[in-house]
Protein chains: 2
Amino acid sequence: MSVKALAWTSVPVAVGIALVHNALAVSLSLAVLAYYATYSFIPLVSDVFIKHGRFGKDRLKKDFPVVAESMGLIAGCVYLGVMFLFIPVPFVPFFRQQTDVSGTSGLDFFGVPMFPHETLGQYLAGLLSLFSMLFLGFVDDVVDIKWRVKIWMPLVACIPLLMVYMVTYNVTHIVVPIPFRGLFGLEKLVDLGILYYGYMAALCIFATNAINIIAGMNGVEGIQCLVIGSALLINSLYQVAITTYQSTKEAHLIAVYFLLPFLGVTIGYLRHNWYPSKCFGGDTYVYFAGMTFAVAGILGRFTKTVLLFMVPQIFNFLYSCPQLFGFVECPRHRMPQLNSETGNVEQTRVSLEKTKPLGKAMIRILEVLYLVDVERDPKTNKMISCNNLTLINLLLVKFGPTTEANATLRVGYTQLVFCLLGFCARYGLAFLFYRQDYQQGSTTETVRQNEL
Amino acid sequence: MSVKALAWTSVPVAVGIALVHNALAVSLSLAVLAYYATYSFIPLVSDVFIKHGRFGKDRLKKDFPVVAESMGLIAGCVYLGVMFLFIPVPFVPFFRQQTDVSGTSGLDFFGVPMFPHETLGQYLAGLLSLFSMLFLGFVDDVVDIKWRVKIWMPLVACIPLLMVYMVTYNVTHIVVPIPFRGLFGLEKLVDLGILYYGYMAALCIFATNAINIIAGMNGVEGIQCLVIGSALLINSLYQVAITTYQSTKEAHLIAVYFLLPFLGVTIGYLRHNWYPSKCFGGDTYVYFAGMTFAVAGILGRFTKTVLLFMVPQIFNFLYSCPQLFGFVECPRHRMPQLNSETGNVEQTRVSLEKTKPLGKAMIRILEVLYLVDVERDPKTNKMISCNNLTLINLLLVKFGPTTEANATLRVGYTQLVFCLLGFCARYGLAFLFYRQDYQQGSTTETVRQNEL
């Protein structure tokens, strides 16, 4: 689709916006527009990016073709452009002097509708944190920031978000699951106070880095983000539909407004990033995507649900720890390799001959859990090598070598299965863990606000 | 100063913050910290930037040495880091449950202090707009965005700012100067309505691009920004000191909080950028600086004062128009050139032989105004060439060739003279133009809010 066609598409969208006056419909239209824009702009700018040195080599193809890098920049810029245009939309009712505006403000002392500055502050802070990560991601792509510096970048980026959380929600209680209450002699509600802010900051650091370490194959970052983002969107839409509490509804609506255009740009990006890739997202894309989940989770008050849907990333991180923290040798690239005869991608392996006892013990534990493929010396039974400790390699070990596109799809299916399990946990197990609360009807406002 | 020393500096700053509890003192401390940080970080990252292709050649030195480019990125990142840390500071009184918090909110219906969400929204929107321009500036440095695209970028970047202006101030009246009232039969107050938002958007576009076209010599962007920023800061501090209106005071205080750390990073940057330059700021710096002035002017409600202090930039833009719009030939570089024998920089000239009559007429007008140096054929008296139409070349024409450092200083002095004239106009002429209003004591809240 050409840019000209894009311009024409925007006309019905604009008319739709003018007619519908429903923020959700506008958000959906803008998401579609964002998809078209991302899909159209990426081929237009690819050559410019390559010309200016923003390219990478596709190491899973025979001749290492050159591919434009950092295309998360286009996705991110389109996203933020669309979000900037969207900012005034939820406040249209206020400007029309109606009082059913979203936001917690109602009428002031004189019966005049008050502008919901808190809600606007939440949008702005969310966008500011998102923008910071997009920016730092691009800077990282361009000048390769050191690992020990960039791990802390989300901590600075999340300051505006946490500041606004503090002055709007400031809910820092967690509800203790029933089994733990007796076990640790805890009350039903535990106020974590400042620790809760530490937890949210940690979520930002985790979310931005987690997707980055399941990477290295065409489309693998995009497919994870598509599945996680869709799961979060469905969860929030469901919550908007069933909840009877205005504040819960508003919180989930904000998350929906952040997630819808994100899915739009992700699909547009993924169509070029899918096997065989014509563009790479770079750190720009994964940081931006991770921060979107964190922002949606914090502003929508469902951070635990975000973690639930990111179980594969948590697993991958824990699984990688022996290599990340140096107990087992960690090569520069741990991604799978191409078998140029079969055209399939295969697991890569790491030598265990110089590994110290502690590292070998870790591998042994993983071996007992059937989570690693260890090669042993047939005579001495000593460990010689094992697969690199990443989810992608594990899937290749368990299900055998396959084409790159299939290997990516396997990651996508894994993500999907865990998101479905996440839904079961969210709506099934939660009932078990908090049953008494439900039955006693004691889900007070405070309890409910921060249940999951 | 090393990074270690920087870390030690931050300790007394932190203690100062804890003790003083005065937002202005904290802002000043953070500005000093921002200066040290910028000054320390630039040499640390220069080699990394050069290694990753972020460098330019210094065309006014004999051997075109390679210099790290885009260092506005460091200035901008330090600035935003410091501003993020500063966000909670003006709201400390609220958290201490006092009611003298800055912001227009007071007590709510039940006598509980209300958080000043409007003020927080202004900070966040200002930072979001600033961040957008810093980001787009860096992207422009890396991938060279086309001129006709990037001229519109500030228009997107200023959306959050204008949105917040609308829901907080929404003052769109201007006070008509007394002489014009009779002349055009106008009322004292004219409501520009939506046009006023167009005016503010135009200010953003102008401010971000204006400094960029007085460039090309070591330190020349930095010195302009230092003088303009200082003038704006002095004006705002003076207004804070003399005003009796709480809302005017708060508006100017926000501007001070934005300007102080900006001056800090600018001085730190300028020390490396000064002749002979060890770093260049790139579009990143000038966009960031220009947007800072626009944000300070809009949130502080003194946009006309910003324009007053930017008269040299306005002059330079108007003076450049014949070349920018193609009436006179416009070479790729219009900056002065080095005379390698004398070591001085000299004006560069453009041929007028192919210039059409309209272009020649423009040059003739400038010649009559003594604003251009035209070379004529002694026999036919036809125009052969003239100096390139930039302020820098004009200063070299009027005061003769000089060293690069002196040529930069001349621009700085010119800026200083016009800022002093600006102060005279702001506090002298304004009295003449609006005298009756002053004398009648009729400066109502609306009039006063948007006087200059």
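Buried area is the accessible area (1.4 Å probe) that two parts lose on being put together, summed over both. I start there, with the interface.

**Entry: ground rules.** I am working on a predicted model, in which local features need pLDDT of at least 70, side-chain atom pairs count only at pLDDT 80 or more, and totals for chains, interfaces and linings use all residues. Residues are numbered from 1 along each chain as its sequence is written, chains are lettered from A and ligands numbered from 1 in the order in which they are written, and side-chain values use heavy atoms, with hydrogens and water left out.

**Entry: chain B against chain A.** I looked up the buried area between chain B and chain A and got about 3,500 Å². Carbon and sulfur atoms give 89% of that area. I then listed contacts (heavy atoms within 4.5 Å). On chain B, 42 residues touch 42 residues of chain A.

Next I searched the interface for salt bridges (a side-chain nitrogen of Lys or Arg within 4 Å of a carboxyl oxygen of Asp or Glu). The rule finds zero between chain B and chain A. I also searched for polar contacts (a pair of N or O atoms within 3.5 Å; within protein, one must be able to donate a hydrogen and the other to accept it, and residues adjacent in sequence count only if both atoms are side-chain atoms). Two residue pairs across the interface qualify, both at pLDDT 80 or more.

Helices H2 (23-51), H3 (72-86), H5 (117-143), H7 (153-157) and H8 (159-168) of chain B each supply at least two residues. H5(B) gives the largest share, 16 residues. By type, I read 33 nonpolar, six polar and three charged residues on this side. Here Ala, Val, Leu, Ile, Met, Phe, Trp, Tyr, Cys and Pro count as nonpolar, Asp, Glu, Lys and Arg as charged, and the others, Gly among them, as polar.

**Entry: B:Leu80.** I found B:Leu80 in helix H3 of chain B. B:Leu80 is buried (under 20% relative accessible area; exposed is over 50%, partly exposed in between; 1.4 Å probe, protein chains only), because its relative accessibility is 5%. Beyond four places in sequence, B:Leu80 touches B:Leu127, B:Phe131 and B:Leu134.

**Entry: salt bridges overall.** A:Lys61 pairs with A:Asp58 at 3.0 Å, N to O, and with A:Glu404 at 2.6 Å. A:Glu404 sits in helix H18 (residues 404-433) of chain A, and A:Lys61 in the loop between strands S1 (55-57) and S2 (66-68), 343 residues apart. A:Lys61 and A:Asp58 are both buried, and so is A:Glu404.

B:Asp283 lies in helix H13 (residues 282-299) and B:Lys150 in helix H6 (residues 147-150), 133 residues apart. B:Asp283 is buried at 15%, and B:Lys150 is buried at 15%.

**Entry: A:Thr348.** I placed A:Thr348 in the loop between strands S6 (344-346) and S7 (349-351) of chain A. A:Thr348 is buried, with a relative accessible area of 10%. Its side chain reaches the backbone oxygen of A:Met335 at 3.2 Å. A polar atom of that side chain also lies 3.4 Å from the backbone oxygen of A:Arg334.

Notes: Helix = DSSP H or I, 4+ residues; strand = E, 2+ residues; numbered from the N terminus.
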